[in-house]
Amino acid sequence: MKIRLWFDLAFVFLVSQSCSNILSQSAVITDDSLLVSAQISMNSKDYTSALADFKLMSAAYLAQRNIVALNASAYAGRCGLDFIGLVNTFSSIGSSTVLNVLFKNAIKSTASQETDCTSAEALLMSIAATSAGRTTAENLLLGLVEFQRIGAILGQFADRGGSGNIDSGFDACLTTKGA
């Protein structure tokens, strides 16, 4: 009998609370939930989705230092920055030049990738104008973004045919884009 009474009370309580309200409260989108979604997207290398999540966050949330750095990381990823790949390339540089390594890392880069590098740079520079105002990790990310940006520019202008080799007529000191 007591079990039946408890069951009836529980049933009345649940019905009176309206299940739709319980479920709708769990579907509220917050800045924190958007951040989790962005991080999951970044872990999957889906930087466009991550950036879409960042765009939905409030201005106050986006202004937080750690969020600025994560947003910059998403732009850097879409720019083509692959930290592990770049480090592995540098560790086996051999007799190749740094310019060739950067170029090989950014073959077939597009103007939009260069723009994403510029966006990542701007976000990181917004943290502090000088390196002294940024953390070591933020400065490292900025340096890698700049390397990727150089590679993206070279990929666009030094290899017009997409062969993976610098065009014979390319001169970095001139405004020509190759032979």
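Leu56 touches Asp31 and Leu34 when residues up to four places away in sequence are not counted, a contact being heavy atoms within 4.5 Å. The model is predicted, so that local features need pLDDT of at least 70 and side-chain atom pairs count only at pLDDT 80 or more, whereas totals for chains, interfaces and linings use all residues. Residues are numbered from 1 along each chain as its sequence is written, and side-chain values use heavy atoms, with hydrogens and water left out.

Leu56 is placed in helix H4 (residues 47–56), helices being DSSP runs of H or I with at least four residues, numbered from the N terminus. With a relative accessible area of 61%, Leu56 is exposed, a term for values over 50%, as buried is for those under 20% (1.4 Å probe, protein chains only). Leu35 lies 21 residues from Leu56 in sequence and 9.8 Å from it in space, C-alpha to C-alpha.

The 1 disulfide of the structure, a pair of cysteine sulfur atoms within 2.5 Å, joins Cys79 to Cys117 with an S to S distance of 1.5 Å. Because Cys79 lies in helix H6 (residues 65–79) and Cys117 in helix H9 (residues 111–127), the pair ties together parts 38 residues apart in sequence; both cysteines, Cys79 and Cys117, are buried.

Notes:
Helix = DSSP H or I, 4+ residues; strand = E, 2+ residues; numbered from the N terminus.
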